[in-house]
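Hi,

Here is the structure I promised to pass on. Have a look at it first, and then read on for what turned up.

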Amino acid sequence: MNVLNVGARAIELDKDGFLVELSDWSAEVASALATAENIELSPEHWEILELLRSFYAEFQLSPATRPLIKYTALKLGPDKGNSLHLNRLFKGTPAKLAAKLAGLPKPTNCL
């Protein structure tokens, strides 16, 4: 079991770096996870993370890349709901990496 230290808290992570307890997520945890991935979270990142958390609340699952792109386009428009934008923000693995930073489970069809 891996551990992410955030302030005085030790957050448990699974072997892939995803939160073991989804309730451990916070903005500080997201920032610490992003730092571990060499990402500095911008307002554009936060917009996608919040969108992903809404998707999870609605459907109880983390979307794979295609549903993530479609949902982003639906909610934020085609400028942001496209693979180029999401790949730029999340280093070519948007569904997996964004889900991790949003404190959600790994999408089921991501390796």
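Before the details, one term: helices here are DSSP runs of H or I with at least four residues, and they are numbered from the N terminus. Please also keep in mind that this is a predicted model.

Just after helix 5, glycine 103 takes a positive phi of about 75 degrees. Helix 5 itself is mostly covered, with 7 of its 8 residues buried. Those buried positions are Pro94, Ala95, Leu97, Ala98, Ala99, Lys100 and Leu101. Their cover includes helix 1, helix 2, helix 3 and helix 4.

Helix 1 is another one to look at. Its buried residues are Val29, Ala30, Ala32, Leu33 and Ala34, and they pack against strand 1, strand 2, helix 2 and helix 5. Just after helix 1, you will find asparagine 38 with a positive phi of about 60 degrees.

Now for the strands. Strand 1 (residues 2–6) and strand 2 (residues 9–13) run antiparallel and are joined by 5 bridges. Asparagine 2, for example, has leucine 13 of strand 2 as its bridge partner. The hairpin they form has 2 residues between the strands, and glycine 7 takes a positive phi near 60 degrees there.

What about the interior? The largest nonpolar core has 29 residues, and Leu4, Phe90 and Leu101 touch the most other members. At least two residues of this core come from each of strand 1, strand 2, helix 1 (27–36), helix 2 (43–59), helix 3 (65–76), helix 4 (83–89) and helix 5 (94–101). If you click on phenylalanine 90, you can look for its contacts with His45, Ile48, Leu49, Leu97, Ala98 and Leu101, leaving aside residues up to four places away in sequence.

Last, how do helix 2 and helix 3 meet? Their axes come within 11 Å and cross at roughly 105 degrees. Angles of 65 to 115 degrees count as roughly perpendicular, and helix 2 and helix 3 are therefore roughly perpendicular to each other. On the helix 2 side, the contact is made by Glu47, Ile48, Leu51, Leu52, Ser54, Phe55, Glu58 and Phe59, while helix 3 brings Leu68, Tyr71, Thr72, Lys75 and Leu76. Sorted by type, the residues of this contact are 8 nonpolar, 2 polar and 3 charged.

Happy to go through any of this with you.

Best wishes

Methods
Residues numbered from 1 in each chain as written. Predicted model: local features only at pLDDT ≥ 70, side-chain atom pairs only at ≥ 80, totals over all residues. Heavy atoms only, no water. Pairing = 2+ DSSP bridges. Core = buried A, V, L, I, M, F, W, Y, C linked by side-chain atoms within 4.5 Å. Buried < 20%, exposed > 50% of the residue type's maximum accessible area, 1.4 Å probe, protein only. Contact = heavy atoms within 4.5 Å. Axes fitted to C-alpha atoms, helices over the stretch in contact; angles between N-to-C directions. Parallel < 35°, antiparallel > 145°, perpendicular 65-115°, else oblique. Nonpolar A, V, L, I, M, F, W, Y, C, P; charged D, E, K, R; others polar.
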